[in-house]
Structures are given as C-alpha cells and as structure tokens.
Amino acid sequence: MSSIESKSSHPMATALVEYSQSKYIQPKPENVTEFRIYPGEGISGAINGRQIFIGNRRIMARSSCYTAPEMDDHRGASIGYVIVDGDLVGEFSLSDDCRTGAAEAIRELRSMGIKSVMLTGDSRAAATRAQRQLGGVLEELHSELLPADKVGLVGDLKARVGPTLMVGDGMNDAPALAMADVGVSMGL
C-alpha cells in the first residue's frame with residue numbers, strides 16, 4: 001500500500017502521475033487503448049492486452065473485482081484501487097490539505113449571511129478531515145457523491161437557500177457548476 005499526499009486540490013490523476021514520476025516511472029499514454037473515464041468512479045484502459053481499472057470503490061464492480069480489503073481511513077484519506085484483468089493489484093490513499101486562508105474566508109462569508117457547504121466525491125473520512133482542518137466552519141458536508149448527486153444537491157440548495165455559487169476543481173464538478181447560478185471552475 002502506498003500513501004500519496006496531494007498538497008493542493010489536484011485531481012486524482014495528476015497526483016498519481018506526479019507520484020509515479022517521483023519514482024522515475026514515465027507515463028506512456030500512447031500505449032493505452034480503449035481508454036474510458038467513469039465520472040465519480042475512475043478510469044480504465046488496455047495496455048498490452050491487459051485491462052486496467054484505477055479508481056475508488058465504485059470502480060470495483062465495473063472491473064469485475066469484488067474483493068477489496070477495507071483500508072484504514074482514519075487519516076481522512078480517499079482510498080483508490082488498481083485492478084488488472086479483474087485482480088486487485090494495488091491500493092493507494094490520497095488526501096488534500098485545505099488552502100491557507102480558507103477557514104477565514106468561509107467565516108467572513110458566514111458573517112455576511114452566506115452559507116458554505118461541501119460537496120465531494122471523496123470519502124466521508126476525507127470530508128470530515130477537511131472540516132476539522134477548517135475548524136468546523138462548514139455548515140453541511142456531503143461526501144461520496146457522484147456528479148449527478150452534486151447536481152441534485154446544488155438544485156436542492158437553490159430551492160432551500162436561494163442563489164447558489166459553486167466552486168469546483170475537477171471534471172466531476174462540471175455538471176454541478178452548470179446547475180449553479182454562478183459556477184467557478186478552478187483548474188479544469
């Protein structure tokens with residue numbers, strides 16, 4: 001098991017590529033065929049005739065691999081899996097640190113009557129870790145969400161609270177960004 005700490009809000013793919021390169025492994029995307037993205041789950045592709053899936057627990061069923069040990073997520077990490085031809089061959093964890101000044105910004109927004117809510121595809125443990133780092137300033141936490149779940153929650157917030165601004169940093173946020181009254185895309 002490897003532990004990969006992503007110190008900014010890089011998507012999983014960027015963190016994995018950076019980690020691989022730090023171990024002198026160079027990506028060769030030209031060798032990948034049948035590449036597919038499964039929003040909120042992960043990716044798959046074939047390399048040298050072998051089918052590879054990389055993603056969260058949801059990718060397991062898609063890969064025909066149903067035996068994944070529970071990894072210890074007490075550190076607040078999101079857990080990922082690597083499956084080759086239906087066999088689990090690797091596990092990893094990713095975690096983000098909250099940006100400097102985020103808690104202060106959220107407190108300032110709250111003082112203006114603006115509610116802050118977290119919508120994330122990451123694990124409950126990862127969302128709770130972020131809330132702890134922020135000193136408990138988020139009013140709601142929603143975790144383990146698929147892109148469609150985020151869209152539904154943005155629609156719900158618009159109905160309950162009013163005009164809604166969504167900030168997103170990955171491709172899985174694009175549908176919710178479009179649903180919000182204002183969408184702010186960071187690093188897409």
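**Notes on a predicted model: salt bridges, turns and a surface patch**

1. Start at Arg 110, which is partly exposed, with a relative accessible area of 40%. Arg 110 pairs with Glu 139 in a salt bridge, and their closest N and O atoms are 3.7 Å apart. Arg 110 belongs to helix α3 and Glu 139 to the loop between α4 and β8, so the pair ties together parts that are 29 residues apart in sequence. Glu 139 is also partly exposed, at 39% relative accessible area.

2. Now the overall picture. The protein chain holds 6 helices and 10 strands. Of its 188 residues, 37% are buried. Among contacts with a separation of 6 or more, 41% link residues 24 or more positions apart. The chain exposes about 10800 Å², and carbon and sulfur atoms supply 55% of that area.

3. How many salt bridges are there? The count comes to 10 salt bridges. One of them joins the side chains of Arg 129 and Asp 97, at 3.0 Å from N to O. Arg 129 sits in helix α4, while Asp 97 sits in the loop between β6 (87-96) and α3 (102-111), so this pair ties together parts that are 32 residues apart in sequence.

4. Is Arg 129 buried or exposed? Arg 129 has a relative accessible area of 16%. Buried means under 20%, so Arg 129 is buried.

5. Just after α4 comes Gly 135, which takes a positive phi of about 75°.

6. Arg 160 and Asp 156 both lie in α5, 4 residues apart, about one turn of the helix. Their closest N and O atoms are 2.9 Å apart. Arg 160 is partly exposed at 46% relative accessibility, and Asp 156 is partly exposed at 33%. The pair belongs to a network: salt bridges that share partners join Lys 115, Glu 140, Asp 156 and Arg 160.

7. Check the backbone at two residues. Ser 64 is not a glycine, yet it has a positive phi of about 65°. Ser 64 lies in the loop between α2 (58-62) and β5 (78-84). Ser 64 is exposed, with 52% relative accessible area. Glu 144 is not a glycine either, and its phi is positive at about 55°. Glu 144 is in the loop between β8 (140-142) and α5 (147-160). At 43% relative accessibility, Glu 144 is partly exposed.

8. What about the cysteines? A disulfide is a covalent bond between the sulfur atoms of two cysteines. A search of the whole structure finds 0 disulfides. Cys 65 is buried, at 3% relative accessibility. Cys 98 is partly exposed, at 29% relative accessible area.

9. Which residues form a nonpolar patch on the surface? They are Leu 165, Val 167, Val 182, Val 184 and Met 186, with about 380 Å² of accessible area together. Strands β9 (165-168) and β10 (182-185) are the elements that give two or more residues to the patch. Leu 165 lies in strand β9. Leu 165 has 52% relative accessibility; exposed means over 50%, so Leu 165 counts as exposed.

Definitions and conventions:
Residues numbered from 1 in each chain as written. Predicted model: local features only at pLDDT ≥ 70, side-chain atom pairs only at ≥ 80, totals over all residues. Heavy atoms only, no water. Patch = residues over 30% accessible without salt bridge, like charges linked within 9 Å, V, L, I, M, F, W, Y side chains within 5 Å. Areas by Shrake-Rupley, 256 points an atom, 1.4 Å probe, with all protein chains shown as cover. Salt bridge = Lys/Arg side-chain N within 4 Å of Asp/Glu carboxyl O. Buried < 20%, exposed > 50% of the residue type's maximum accessible area, 1.4 Å probe, protein only. Contact = heavy atoms within 4.5 Å. Disulfide = S-S within 2.5 Å.
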